[in-house]
Amino acid sequence: MDSNDVIVLVEDPIKNLAETAQPEGGGGDGGGACTTKPHIRTFKDFKSKIREPEKKEKTSSSSSLELEYCTKVPQRLLSDVKDAEVYYVPQVISFGPYHHGKPHLQEGETLKLKLAATYFREFVLLEDEIYNRICSDIEALRKCYNGTSTEKYTDEELSVMLLMDGCALLGYILCVWLGYHEEYGIRYQDLSRIQQDALLLENQLPYRLLHNHIMNKSNHACTFMFLEFFGMADKSFFKAGLESIENSMPCRHILDLYRKNFLGDERSFSLTHSESTATVKKGLESVGDVKDLVMASFRNVKELMTAGIRIKPSPTRYLRDVSFTSYGIIACLRLPPITIDSSTKKLFLNLIAYEMSSDVSYDFISYLRFLDSLIDNADDVKELQSAGILQNNLDTHEQVADFFNSVLQPGVELRCLQRCESQNSEVHEKSL
């Protein structure tokens with residue numbers, strides 16, 4: 001596998017949690033009464049708990065970020081998506097208040113304590129110092145979550161929750177880097193499931209919490225750590241990704257950071273793979289123009305190729321790197337390479353939900369709409385795979401075609417039309 005490939009390495013959701021991460025006194029079964037100890041609500045309890053693993057091991061071994069909301073999945077999507085809980089609810093660990101305390105995540109609470117303790121121990125950090133920084137900003141952090149999701153927590157309870165969850169997330173990344181996961185009984189398949197959980201829209205932690213209060217590092221260090229963890233810090237990241245992403249800072253959470261790097265910055269793409277005499281449409285803001293230009297005469301990939309239009313991979317894997325080049329009698333459509341596997345639907349649905357629930361542009365949705373227009377059936381998938389555009393890690397080409405033809409729910413299309421109408425209305429009013 002190319003080291004520059006951006007592939008989401010996750011597996012289908014499964015119900016069994018990490019077997020060796022059982023809470024004291026037995027764990028809940030996810031549906032019945034919880035027999036575990038109450039959640040940690042005070043800083044004193046938190047300090048005593050994270051130091052317990054350290055004591056046992058010794059015995060046995062002798063820049064200000066802008067405030068943004070961590071949004072929730074729109075109700076329309078929850079209604080449209082079949083088995084919505086599989087795609088939007090964490091399977092192993094909750095981060096933040098939205099799914100905190102759910103019975104099936106009880107074992108995850110014990111695991112989070114171990115991971116948080118690892119983070120403090122490896123970086124020789126003082127929990128008091130981090131806790132005080134969080135407490136001083138708790139009013140703003142509380143407002144990062146919408147609705148009434150934090151009302152039932154006191155300032156101390158919410159501060160402790162965010163302290164433990166943030167340190168657990170960073171401790172998990174550290175464990176993966178250092179290969180410590182086996183020491184905590186985290187199975188390989190659970191590693192990928194926790195990574196899935198970390199990219200769920202309703203499982204996000206404010207970036208200001210991780211960057212300002214816990215890591216207390218530079219933007220570059222924080223950004224690089226997360227993108228390296230998600231396998232996105234390749235050579236192009238150092239040339240354009242880091243600078244362009246941080247120029248568009250602040251990030252809201254790591255799903256937002258993932259989306260930014262997945263899309264790329266349209267300013268970083270030059271006309272390096274086009275001739276000066278060619279007619280070119282580039283950048284994601286022109287994906288709609290490319291779609292209209294290409295699909296006005298052709299219905300799918302097969303028809304494009306039959307007409308002599310070549311399809312080639314773009315120089316980068318950024319989704320914004322889409323272009324259509326016409327040389328008169330011949331033309332070339334370039335698309336970024338992408339991998340489709342069993343984890344892709346969950347990731348894509350959460351990226352869609354993020355764009356629909358926030359004020360960011362519909363750039364990712366626009367990209368999916370274009371691919372949906374190109375792919376009618378398995379033959380189109382086969383041609384894209386032969387062209388080096390699509391890597392299919394599912395069982396059949398038919399499954400990929402069904403995926404692209406179904407991932408955009410009716411509610412998504414309706415919302416896109418409504419936003420377009422709203423934007424057109426604003427432009428018209430300004431012109432009067």
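**Helix packing and selected residues in the predicted model**

Gln195 is found in helix α8, which spans residues 188-198. Helices here are DSSP runs of H or I with at least four residues, strands are E runs of at least two, and both are numbered from the N terminus. The structure is a predicted model, in which local features need pLDDT of at least 70, side-chain atom pairs count only at pLDDT 80 or more, and totals for chains, interfaces and linings use all residues. Residues are numbered from 1 along each chain as its sequence is written, and side-chain values use heavy atoms, with hydrogens and water left out.

Back to Gln195: at 13% relative accessibility, this residue counts as buried. The cut-offs are under 20% relative accessible area for buried and over 50% for exposed, with partly exposed in between (1.4 Å probe, protein chains only). Setting aside neighbours within four places in sequence, Gln195 is in contact with Tyr172, Phe229 and Phe230, where contact means heavy atoms within 4.5 Å.

As for the chain as a whole, it has 19 helices and six strands. Of its 432 residues, 54% are buried. The accessible surface comes to about 19,800 Å², and carbon and sulfur atoms account for 49% of that; accessible areas come from the Shrake-Rupley method with a 1.4 Å probe, and for residues only the protein chains shown count as cover.

Next come two helix pairs. Two packed helices are described by the angle between their axes and the distance between the axes. The axes are lines fitted to C-alpha atoms, for helices over the stretch in contact, and angles run from 0 to 180 degrees between N-to-C directions. Helix α5 (residues 127-136) packs against helix α7 (residues 155-178) at an angle of about 125 degrees, with the axes 10 Å apart. That makes α5 oblique to α7. On this scale, angles under 35 degrees are roughly parallel, over 145 roughly antiparallel, 65 to 115 roughly perpendicular, and the rest oblique. From α5, Ile130, Tyr131, Ile134 and Cys135 meet Glu156, Ser159, Val160, Leu162 and Leu163 of α7. Sorted by class, this contact has seven nonpolar residues, one polar and one charged. Ala, Val, Leu, Ile, Met, Phe, Trp, Tyr, Cys and Pro go down as nonpolar, Asp, Glu, Lys and Arg as charged, and the others, Gly among them, as polar.

In the second pair, the axes of α17 (residues 378-386) and α18 (residues 397-406) come within 8 Å and cross at roughly 105 degrees. These two helices are therefore roughly perpendicular to each other. Ala378, Val381, Lys382 and Gln385 of α17 make the contact with His397, Glu398, Val400 and Ala401 of α18. The class count is four nonpolar, two polar and two charged residues.

Lys346, in helix α15 (residues 344-357), is buried, with a relative accessible area of 6%. Its C-alpha atom is separated by 9.8 Å from that of Val407, 61 residues apart along the chain. Arg299, by contrast, sits in the loop between α13 (287-295) and α14 (301-306) and is exposed, at 59% relative accessible area. Not counting residues up to four places away in sequence, Arg299 touches Ser373 and Asp376. The C-alpha atoms of Arg299 and Ser373 are separated by 7.1 Å, with the two residues 74 apart along the chain.

Asp83 lies in the loop between α2 (75-80) and α3 (84-88) and is exposed too, at 52%. Most residues other than glycine have a negative phi. Phi of Asp83, however, is positive, near 55 degrees.
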